[in-house]
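Please keep the model open beside this note while you read, and follow each point on it in turn.

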Amino acid sequence: MDNIIEVKNVTYEYVDDNLTHSAVKDFSLAVERGSFTVILGHNGSGKSTLAKLINGLYKPTKGDVIVDGMNTKDELYETEIKRRVGMVFQNPDNQLIASIVEEDVAFGPENLGIEPDEIRKRVDESLKAVDMYEFVKSTPHHLSGGQKQRIAIAGIIAMQPDCIVLDEPTAMLDPKGRKEIINTILKLNREKNITVILITHYMEEAENADRVVVMNDGAIIADSTPKRIFSDVEMLKSVGLDVPQTTELLYSLKKNGFDVSTDVISIKEAADAIEKALHLEEK
Amino acid sequence: MLKDITFGQYYESGSVIHRIDARVKILLLILIIVFIFISSNLFSILFSALGIFTIILVSGVPFSLYAKNLKAILPILLITFVINLFYGEGEALISFWKLSITTGGLYRAFYMSLRIALLIFISSALTYTTTPNDLTYAIEKLLSPLKYVGLQNAVHTLAMMMTIVLRFIPILVEETQKIMNAQKARGADLENGSLMRRIKALIPILIPLLISSIRHAYELAEAMECRCYTGGEGRTRMKQMRLTKIDFYSSCFAVLGCLIVILLNIIF
């Protein structure tokens, strides 16, 4: 198996008020190239720290993080790792540097010292990939949160990364913006074959993932496919995560004696499952 | 309302002046300002005025916008006019106490005020026809010779700072508005009371604003680092500034104008 990211027994400690806390403890995770992994966890579960460890923004206190064979502790690879593992943060306003969309998208490639003509090409391509090409000359300030976040994603794609880590990219967006971002991420994963690691606490966003990792208190407590994770309602509730409404409904139906499967996610699947259960009841 | 504030006052009209390279425009502005000061008699200053009004006309920016800028410095203009009235030789027109307004004074007052007005007009012409971003680029480019005296980092840092300032002014303005509303909702009284009271009422607005800008800065720095920013070294620019024929012709016109000013200075 070809792993783009390998986190090996990593512990990350930070000092706050003279007390040492560990955000992640003896943590191991391997991410397969081209996959779409969702990391779920509530606030303070160490998921943001993990994101910053992956692209070398934080260095592990113990253990190693290997990106494409390069150790993040090695200063020689610092910039190269950041290019290969792009990072998108929560607040779009704090990621955009220039006051014109195209110039902002060009910021990454400019830092890499790429030729002007090639940058132009990449900027146009990246903006098209996130469906924001019509805003090439706009001011980010006049765009919606979802649009700004897509510009931020375009700015990362322009560096032609192998992997994108998104740290709660939808937390500050309205439902419409949230949908735009999730669709964009999916498209990049499917069409451009970019490895995606999406960190979130909205379970609905995990629906289309290849793999879901649930984190609590700096450790992995579950690692499986979305369907299997979602059907384990008790485990999810125990770590303070909200279960999708469909799963919640099916879960209570099952608890009250209906024979429904709880491993479905979409509304349509849920409706079908309920219909089937009702037919069984009639017979 | 506050949301629409932008730094600078760019006005799009697609004129020839808009298409002149920002670097050339800055250099020409400096040249013209020098020649406004060099114009030493009525003929040359009137010629400068003619030239500058032609530029204004060609720029396609409504004259009312230029007038607005002039209005902002009206007190200075009036003071200059009044003071200069009394500083002149020649025949006294009106005298009272120890002061007298002379023909020379009247001439001088008119001449000095016109000079200031022209300075405002020509500087506004630059800011109305050039985007803040282009100005930033141009300043960076024009200062780039400083790298030969070991100041390469300073030039790059300055340009990066200007870029970030341009980006964050609207964000901070919006945030100030939000904080003000939040404090008002909690009963803060920002409009009434003595001056001291109103200044004190600003503290609960400035402190949260300061804290939030530090947070912005911290997150922005991390985001920049994640986009491989390592300072100015080895950086390229997508936008390349290229000189065109327009730049050549406009420079020729400006130089020609300046020569005429010198000529008028000598003849009269």
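Predicted model: local features only at pLDDT ≥ 70, side-chain atom pairs only at ≥ 80, totals over all residues.

1. In chain A, strand β1, covering residues 3-16, is joined to strand β2, covering residues 19-32, by ten bridges, and the two strands run antiparallel. If you look for A:Val15, you will find that A:Thr20 of β2(A) stands opposite. The hairpin formed by β1(A) and β2(A) has two residues between the strands, and in this hairpin A:Asp17 takes a positive phi near 50 degrees.

2. Two packed helices are described by the angle between their axes and the distance between the axes. For helix α9 (residues 245-255) and helix α10 (residues 267-282), both of chain A, that angle is about 15 degrees and the axes lie 10 Å apart. Because angles under 35 degrees count as roughly parallel, α9(A) is described as roughly parallel to α10(A), and the crossing of these helices is left-handed.

3. Which residues of α9(A) and α10(A) meet? From α9(A) come A:Thr246, A:Leu249, A:Leu250 and A:Leu253, while α10(A) contributes A:Ile267, A:Ala270, A:Ala273 and A:Ile274. Sorted by class, this contact of α9(A) with α10(A) holds seven nonpolar residues and one polar residue, with no charged residues.

4. Turning to chain B, the domain assignment gives domain 1 as residues 7-130 together with 242-267, and domain 2 as residues 143-226. The centres of domain 1 and domain 2 of chain B, taken over C-alpha atoms, are separated by 34 Å.

Note on methods
Residues numbered from 1 in each chain as written. Chains lettered and ligands numbered in written order. Heavy atoms only, no water. Domains from an automatic or database assignment. Pairing = 2+ DSSP bridges. Helix = DSSP H or I, 4+ residues; strand = E, 2+ residues; numbered from the N terminus. Axes fitted to C-alpha atoms, helices over the stretch in contact; angles between N-to-C directions. Parallel < 35°, antiparallel > 145°, perpendicular 65-115°, else oblique. Left-handed = near helix turned anticlockwise from the far one by under 90°. Contact = heavy atoms within 4.5 Å. Nonpolar A, V, L, I, M, F, W, Y, C, P; charged D, E, K, R; others polar.
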